[in-house]
Amino acid sequence: MTSYRELLPVALDAVGRAATLMRRRAPVTSASKGDRDLVSNVDYAIERDLRSFLRDATPGIAFLGEEEGVSGAGDLQWTLDPVDGTINFVRGLPLCGISLGLLHGTRPALGVVDLPFLGARYWAAEGCGAFANGEPVKVSDTTSLSEAVVGIGDFAVGMDAANKNRIRLALMARLAETVQRVRMSGSAAVDLVWLAEGKIDAAITLSNHTWDMTAGVAIAREAGAVVVDSRGAEYSAEATTTLAVTPGLVGQMLPHLRENGDGVSR
């Protein structure tokens, strides 16, 4: 099997192609994905380009894209969110980017996240550390919730959104009583890479999707984060709720998440 380290240049080349396309092509909302959820022409263009590029570069590795699903099969699978934070992108907000990860079974093994409008690219492969624009990064050493900045995933839309958002609001209210600040960026990839370089101290994602999480989890974990589900078990692609957190806050953050459990469905 090709090593994860050997696949990093391929992933970086793929994401570089996507970042160029994202910077150069103006987004046009091409379709609605349902209640208050959008997809743009750029989402489709990036996914189709990277699906083809990676099929040629790594023909033995399967591919899962947010917009057009799975092609191929096997223990290794590329996972792509072509534009993580599409609403931000369409509105001209810079908190958006490309998130390309590699799953080995259900374990994130490699990740590249590019935030084109912030000039930041992050990458990691299992056992090789995590980097931002070529410099090593690590999570913060925060140990007190009163000093912690916590990122939380976006509000739900679509089926059962009202119930899911009641859970989110309750969680945010509890955190607001304890932590220094709560932040909502609108992008799971942004939250996870900002955790990796110590800009925030924890990232909570509810209603996970594999393409949202794989790259950021790989990067955060290589930067020293603890990444678990609501029960405290090690993160896998099957988790529906994720806590990624600097080690000094695990015991203090998990009780907040356990009150919601994994009852927050996809």
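Two strands are said to pair if DSSP finds at least two bridges between them. Helices (H or I, at least four residues) and strands (E, at least two) are DSSP runs, numbered from the N terminus. The structure is a predicted model: local features need pLDDT of at least 70, side-chain atom pairs count only at pLDDT 80 or more, and totals for chains, interfaces and linings use all residues. Residues are numbered from 1 along each chain as its sequence is written, and side-chain values use heavy atoms, with hydrogens and water left out.

Confidence was examined through pLDDT, the predictor's confidence in each residue, from 0 to 100. The protein chain has a mean pLDDT of 92. A value of 70 or more is reached by 93% of its residues. Residues 261-266 have a pLDDT below 50. Beyond near neighbours in sequence, this stretch still has 25 contacts in the model, a contact being heavy atoms within 4.5 Å. Where pLDDT is low, the predicted coordinates should not be read in detail.

The sheet comes next. Eight strands form an open sheet in the order S4-S3-S5-S6-S7-S8-S9-S10. Their pairing is mixed. Strand S4 (69-71) and strand S10 (135-136) are the edge strands, each pairing on one side only. S5 and S6 run antiparallel and are joined by seven bridges. Asp 84 has Gly 97, in S6, as its bridge partner. Helix H6 (residues 210-222) lies across strand S3 (62-65), S5, S6, S7, S8 and strand S9 (130-132). Helix H6 runs at about 95 degrees to S7. Axes here are lines fitted to C-alpha atoms, for helices over the stretch in contact, and angles run from 0 to 180 degrees between N-to-C directions.

Gln 77 belongs to strand S5 (residues 76-84). Its relative accessible area is 17%, so Gln 77 is buried. Buried means under 20% relative accessible area, exposed over 50%, and partly exposed in between (1.4 Å probe, protein chains only). Not counting residues up to four places away in sequence, Gln 77 touches Ile 61, Ala 62, Phe 63, Leu 64, Val 70, Gly 101, Leu 102 and Leu 103.

Nonpolar packing was then considered. In soluble globular proteins, nonpolar side chains tend to be buried together. A nonpolar core is a set of buried Ala, Val, Leu, Ile, Met, Phe, Trp, Tyr and Cys residues joined through side-chain atoms within 4.5 Å. The largest such core has 32 residues. Those with the most contacts inside it are Met 22, Ile 46, Trp 78, Ile 98, Leu 100, Leu 102 and Leu 110. Two or more residues each come from helix H1 (4-24), helix H2 (41-57), S5, strand S6 (97-104), strand S7 (107-115) and strand S8 (120-125). H1 gives the largest share, eleven residues. Apart from this core lies another, of 30 residues, among them Val 113, Val 137, Val 149 and Ala 220.

Beyond four places in sequence, its partners include Ala 11, Ala 14, Val 15, Leu 54, Trp 78, Leu 110 and Ala 215. Leu 54 is in helix H2. At 1% relative accessibility, Leu 54 counts as buried. Leaving aside neighbours within four places in sequence, Leu 54 is in contact with Val 10, Ala 14, Pro 59, Phe 63, Trp 78 and Leu 100. Leu 54 and Ala 14 are 40 residues apart along the chain, yet their C-alpha atoms are separated by 7.3 Å.

Charged pairs were also identified. The structure holds nine salt bridges. A salt bridge is a side-chain nitrogen of Lys or Arg within 4 Å of a carboxyl oxygen of Asp or Glu. One joins the side chains of Arg 17 and Asp 49 (2.7 Å, N to O). This pair links distant parts of the chain, with Arg 17 in helix H1 and Asp 49 in helix H2, 32 residues apart. Arg 17 is partly exposed at 37% relative accessible area, and Asp 49 is partly exposed at 25%.

Asp 114 forms a salt bridge with Arg 121, the closest N and O atoms being 2.5 Å apart. Asp 114 is buried, with a relative accessible area of 5%, whereas Arg 121 is partly exposed at 22%. The side chains of Glu 126 and Arg 221 meet in a further salt bridge (3.9 Å, N to O). Glu 126 lies in the loop between S8 and S9, and Arg 221 in helix H6, 95 residues apart. A network of salt bridges links Arg 107, Glu 126, Arg 221 and Glu 234.
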